[in-house]
Amino acid sequence: MFKLLRESTKGPPSDDGRTRPHFAAAAAAALLLLLAAVSGASHCSSSPQDLSLVKNISELPQDNYGRGGLSHITVAGSFMHGMKEVEVWLQTFSPGTRTPIHRHSCEEIFVVLKGSGTLYLASDTHGKYPGTPQEFSIFSNSTFHIPVNDVHQVWNTNKHEDLQVLVIISRPPVKVFTYEDWFMPHTAAKLKYPYYWDEECFKLLGRMSFDVLAATF
């Protein structure tokens, strides 16, 4: 992200090969507006600690991203942090909260930090639809992995306690297919790609970067 911002302030060179002073000044002013807009967005805000090697998770941005009962924190992500091989999330599900029924083009590892719940997993990806899933009890200090393209759902079936998990995925950003139920055909699953939890930041940065470039010409 910051490489894109730096590049946007260079501008076209003058006849002698140097960046035009008025271009650089205008770009710098527009860049300040961009940074203020991104920092002001609730999903995109970053404290100075975010730029350090060691971060306090409690100070990282968190949101439910439109899913009631969910708290999501991107500990390390492809968009906000430039990760290329893995992403790491911290997610908390209130009682009764669940993920959509879905599959994705990556491996996924869960570590249950506290609480308990149920993993629903349909491993037959060669049929026309996922079918009736297997049920696995998950609990504090347990771990499990989801193979590529296996349809699954994580559900906090504990009525009295939050379920908190650390999630690691490979090869971000990923293709995600969501299902309305376990008997929805694979061909009818809804595709979302690329999938960013911080999608609003991604869209905001794109719009504002265009405004930076437009303001400097």
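Modeller: A word on terms before we start: two strands count as paired once DSSP finds at least two bridges between them. The model here is predicted.

Biologist: Thanks! What makes β1 and β2 a pair?

Modeller: The cut-off is at least two bridges, and β1 and β2 share 2 bridges in the antiparallel sense, so they qualify as paired strands. One of the contacts sets Asp-63 against His-72, its bridge partner in β2.

Biologist: How do you know that β2 also pairs with strand β3?

Modeller: By the same cut-off of at least two bridges: β2 and β3 (residues 86-93) are joined by 6 bridges, again antiparallel. His-72 turns up here too, standing opposite Gln-91 in β3.

Biologist: What is the strand order in the open sheet?

Modeller: The sheet has 6 strands in the order β1-β2-β3-β10-β5-β8, with antiparallel pairing.

Biologist: Why are β1 and β8 called edge strands?

Modeller: Each of them, β1 (62-63) and β8 (143-146), has a single partner strand, so one side of each is left without a neighbour in the sheet.

Biologist: Why is β2 described as mostly covered?

Modeller: A residue is buried when its relative accessible area is under 20%, and 6 of the 7 residues in β2 are buried.

Biologist: Why does Asn-149 count as partly exposed?

Modeller: Its relative accessibility is 24%. Buried would need under 20% and exposed over 50%, so a value in between is partly exposed. Asn-149 sits in the loop between β8 and β9 (151-155), and its phi is near 65 degrees, a positive value in a residue other than glycine.

Biologist: Where else is there a positive phi in a residue that is not a glycine?

Modeller: At Tyr-65, with a phi of about 50 degrees. Tyr-65 belongs to the hairpin of β1 and β2, which has 6 residues between the strands.

Biologist: Which peptide bond involving Pro-173 is cis?

Modeller: The bond joining Pro-172 and Pro-173, where omega is about -10 degrees. Pro-173 lies in the loop between β10 (163-170) and β11 (174-179).

Biologist: What is the omega of the cis bond from Tyr-193 to Pro-194?

Modeller: Omega is near -5 degrees there. Pro-194 is found in strand β12 (residues 190-195).

How values were computed
Residues are numbered from 1 along each chain as its sequence is written. This is a predicted model: local features need pLDDT of at least 70, side-chain atom pairs count only at pLDDT 80 or more; totals for chains, interfaces and linings use all residues. Side-chain values use heavy atoms; hydrogens and water are left out. Helices (H or I, at least four residues) and strands (E, at least two) are DSSP runs, numbered from the N terminus. Buried means under 20% relative accessible area, exposed over 50%, partly exposed in between (1.4 Å probe, protein chains only).
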